[in-house]
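User: Hi! Could you walk me through this model?
Analyst: Happy to, here it is.

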Amino acid sequence: MTAIASPSQVELLDREVCATVFPPPPDLTISEFADREIIVTTGPLAGTHWQTAFAPYQAGIMNALLEPGVEIVVVCGSAQWGKTACAVCVVAYHMVHDPSPILVVEPTVDPMAKDFSRNRLKPVIEASPALKARVAKARSRDAANTTLAIQFSGGDVAIGGANSAASLAARSRRLLVLDEVDRYPKELPGEGSTLAIAFKRTQAYRRRRRILMLSSPTLRGGPIDTWFHRGDQRYFHVPCPGCGHMHAFRWENVRWTDDDPVTARLHCPACDYAIDDAERVAILARGEWRATKPDRDDRSIVSLHLWEAYSPLSSLREIVTVFLRARAAQKAGDRSEMHTWINTTLGEPVEPDDGEGVEPHMLLLRREPYGQDVDAPEGVCAVTLGVDVQDDRLEYLVVGAGPDEETWLLDRGVLPGDTSRPEPWDMLAELLDVEYRHALGVTLPILATGVDTAGHRTSEAYDFCHRKAARRVFAMIGRDGQRPIVSSPAPRRWGRGARQVPLYTIGVDSAKALFVSRLALTEAGPGYVHIPHADWADEELAAQLTSERLVTRWHKGVPDTFWKKIRPRNEMLDAYILAYAALRLCNPKLDQWAEALRQRAAGTDAQLAPPPPPRRAPWLSPRRGWLGRRG
Ligand SMILES: [Zn+2]
């Protein structure tokens, strides 16, 4: 080597040698590193230097990884607090100051892991000179940089998906970043828990490993909730502008007037001072993380909680607006929006919906009279039928529906007989012709029927659905897992003539969750389920409607949530869901139907109306034999 390096090149070389050979300067924290070296590449501040001061709580999160003895940092929080940006800063710090093998795990390889790499990490590497220098040097030696693998001098970053065992099963890793852990698959077939697989990668580093776990929670007892409670449970405390009292923001201290989100303020728990949005963001700068469980057993775990009130990008008005919308949906019987709000705004888990509060005797207490000689009260404008098929009987439930999916149970019964023979099916065919006497003096036919064709007597059930297709008798099969209440049909061929019948899949988990939440409503209105004073609306019916609960079980530290039968028989629950699915398939505009029904009734002379048909044949009594004998 003959050329003499210019002073600037020597200086540059020295800095690089120092960074590689010597440990990072002990006084440089991750947030200080980020402020010095990271260029923001997304959002309104793109192109500027990262400023931890913009969201001051981020410093305590990132720097917790450098606290002596700490191996695992858990952040349980809402969406929107800068989670991904923090993850990028932590990875970047280790690339420059503490080079080691790094693994980032996203819930899926495609699109989430690829998205993290392409849109979050790589642009920052490109834009930030300190990082670019690290990667560029490696690139000249090794062309192995791909979307999911980035080589740098002293280590590499692998980006994997929790849905792929292959992407987790690589070499040992010192730094592990686990993003959105509550959205990981619980287990990989034949591999065990995804979290356990990822943790195994860090084993070789023992006490020198660093794990950053970030997620919005889902259910109480889910992964992030569980790990949060294993740590010291830090909350970000800020001083009240009025009295200086240090406190953490809490949802119960958010107050507003007249359902107007513009009036929302955060109140100081000590002096009741009303903190507005400008003050809320300003006092973050004087905030600090305080542990609420400092005396935990395992000092290697730090856990921190954040919710949307801490985000400088959010406003109290937005938080309250979304809450009011979720509350309205909940009042109508749909709790899913409220769950999402609790998870992603409050950063809190929801309690598993175990059906508590819907005890059978409570259902019986709220039975109501429908009226003399009336099968369907005024609110009903469509009638559907659900049929559960057993080897020795058919069980059915007749459900009336009105605007906003308020429903009325109209009739229930058992059609006894070996269902491999025609008799019970013939009785069901007769039942399809029954008309229901409406409070307005008209009669309502059965609009549609859902028949369970899974398990028992499949081909007889298909036969019946095929024969009665013109009467909108639908073949249905229940499937668990996250899926819509009714999916588009799959053609099903069966029998000698290979006839075709459309088979509709019902998302039983979604349907049961909706039904259980509606059954819990206590006031008539949208979604409410009405039960009449009738001999068939008895303890057995109430027990069956409340026969299943959503429970969470633990298996190797992973929660498994499923519906559990708490009573042996659940035919009426199934039948309600089949009737409801049949209604959804017809998708009637129920408020327009209600209006049409009123017009029809107004034009009908009650004197001249044909007498109502006999309401039900003698063999339709649930009291006859079957229920009594088995119950
Ligand atoms: Zn105060």
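**Helix α15 and beyond**

User: Which residues of helix α15 are buried?
Analyst: In helix α15, residues 458-467, the buried ones are Ala461, Tyr462, Phe464 and Cys465. Buried means under 20% relative accessible area, exposed over 50% and partly exposed in between, with a 1.4 Å probe and protein chains only. Helices are DSSP runs of H or I with at least four residues, strands are runs of E with at least two, and both are numbered from the N terminus.

User: How do the buried residues of α15 sit around its axis?
Analyst: They fall within an arc of 160° seen down the axis, so they line one face of the helix. The arc is taken from the directions from the helix axis to the C-beta atoms.

User: What should I know about the model itself?
Analyst: It is predicted: local features need pLDDT of at least 70, side-chain atom pairs count only at pLDDT 80 or more, and totals for chains, interfaces and linings use all residues. Residues are numbered from 1 along each chain as its sequence is written, and side-chain values use heavy atoms, leaving out hydrogens and water.

User: New topic: is the peptide bond from Asp110 to Pro111 cis or trans?
Analyst: That bond is cis, with omega near 15°. Pro111 lies in helix α5.

User: Which loop holds Gln80?
Analyst: Gln80 is in the loop between β1 (72-77) and α4. Its phi is positive, about 70°, although Gln80 is not a glycine.

User: And Asn587, buried or exposed?
Analyst: Asn587 is exposed, with a relative accessible area of 57%. This residue lies in the loop between α18 (571-586) and α19 (590-602), and its phi is near 45°, a positive value in a residue other than glycine.
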